[in-house]
Amino acid sequence: MSVRFAIEPLAKAHKRTDFTCGNDRIDAYFRETVSQDVKRNYATCFIGREIATDRVAGFYTLSSSNVPLNEVPEPLAKKLPRYPTVPAVLIGWLGRHSDYAGQGLGEALLFDAIKTVATAPIGAHAVFADAIDDRAAAFYAAYGFTPLVRRPRTLYLPVATALNLVLP
Ligand SMILES: CC(C)(COP(=O)(O)OP(=O)(O)OC[C@H]1O[C@@H](n2cnc3c(N)ncnc32)[C@H](O)[C@@H]1OP(=O)(O)O)[C@@H](O)C(=O)NCCC(=O)NCCS
C-alpha cells in the first residue's frame, strides 16, 4: 500500500474533476468545495495519489472541533475531566475513488488521518468522524469507533486507542 500510493496535502496539481467514490455528496464536496475550505483554514485535506499514474485515488479532511462531554458514550466519558467539551479532531470527509475499491486504501487513509492527529502539536483527546450513511458508519465501527450519544452517524475514538491500530 505505502509503495503504491503517496498520501500528501492537497495541491493545485491534483486533478479532482473526475473523482467518483460512489456518493454524490462526497464527490461534489471534493470536486467543488474542498479547496475553499482549505483556503479559509476550515479544514486540511490530504489525498492518496497513485504513484504510477498520478491519479487522485482518495482523500480525507481534518478540522479542529470538540465533542460535548454529555455526548461521549460511557464508559469512555467516566474517565474524562468534567470540562463541558472534549478536544477532538473531526474527520469531516473521507472517500476513495471507486476504481480503487477494496484495495486497502480506505484503511490507509483512515490510519494516516489518525497518525496526523496523534503527531500534531495541538492537544486532541479523540478523533471523530461524520459518517455519510449507515455503510460509512459501519466502516468506522469496524475500527472501534463508537457512536455518539444521540448522534449515531457521528463516531468517536480516543486517540490513544486509535494509535494501537496504526502502530506496528
Ligand atoms: C468507506 C470507504 C472509504 C472504504 O474504502 P475501501 O478502500 O473500500 O476500504 P478498504 O479496502 O481499506 O477496507 C478496509 C477494511 O474495512 C472494511 N470495510 C470497508 N467498507 C466497510 C463497511 N461499509 N462496513 C464495514 N467494513 C467495511 C473492509 O472489509 C476492510 O476490512 P478487512 O481488511 O478486514 O477486509 C469507501 O467505501 C468509500 O469511499 N465509500 C464512499 C464514501 C464513504 O462512505 N466515506 C466514509 C466516510 S463519510
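## Ground rules

Helices (H or I, at least four residues) and strands (E, at least two) here are DSSP runs, numbered from the N terminus. Going by those labels, His97 is found in the loop between E4 and H2.

This is a predicted model, in which local features need pLDDT of at least 70 and side-chain atom pairs count only at pLDDT 80 or more, while totals for chains, interfaces and linings use all residues. Residues are numbered from 1 along each chain as its sequence is written, and side-chain values use heavy atoms, with hydrogens and water left out.

## Where the ligand sits

Let's start with the ligand. The space it takes is the largest pocket. A pocket is found on a 1 Å grid over the protein atoms alone, as an open set of points with protein on both sides within 12 Å along at least five of seven lines, whereas a cavity is a set where a 1.4 Å probe fits but cannot get out; lining residues have an atom within 4 Å of a point. A molecule sits in one of these if more than half of its atoms lie within 2 Å of its grid points.

Which elements give two or more residues to the shell around the ligand? They are E4, helix H2 (105-119) and helix H3 (134-141). H3 gives the most, with five residues.

## Who touches it

In total, 19 residues surround the ligand, and the closest are Leu94, Gly104, Gly106, Glu107 and Arg135. To be near a molecule or strand, a residue needs one heavy atom within 4 Å of it. By class, the shell has 10 nonpolar, five polar and four charged residues.

The backbone does some of the polar work. A polar backbone atom of Glu107 is 2.8 Å from an oxygen atom of the ligand, and one of Arg96 is 2.9 Å from a ligand oxygen. For Gln103, a backbone N or O atom lies 3.4 Å from an oxygen atom of the ligand. On its own the ligand has 910 Å² of accessible area, and the protein covers 68% of that. (Areas come from the Shrake-Rupley method with a 1.4 Å probe; for residues, only the protein chains shown count as cover.)

## Buried spots

His97 counts as buried, at 6% relative accessibility. Buried means under 20% relative accessible area, exposed over 50%, and partly exposed in between (1.4 Å probe, protein chains only). The His97 side chain makes a polar contact with the side chain of Arg55 (3.5 Å) and reaches the backbone oxygen of Asp18 at 3.5 Å. A polar contact is a pair of N or O atoms within 3.5 Å; within protein, one must be able to donate a hydrogen and the other to accept it, and residues adjacent in sequence count only if both atoms are side-chain atoms.

Tyr60, in strand E3, is buried too, with a relative accessible area of 0%. Tyr60 and Cys45 are 15 residues apart in sequence, and their C-alpha atoms are 5.7 Å apart in space.

Glu74 and Pro75 are joined by a cis peptide bond, with omega about 5 degrees. Pro75 has its place in the loop between strand E3 (56-68) and strand E4 (85-96).

Where is Asn41 found? In the loop between helix H1 (24-39) and strand E2 (44-50). Arg150 lies in the loop between strand E6 (146-148) and strand E7 (151-158), and is exposed at 61%.

Note on methods. Ala, Val, Leu, Ile, Met, Phe, Trp, Tyr, Cys and Pro count as nonpolar, Asp, Glu, Lys and Arg as charged, and the others, Gly among them, as polar.
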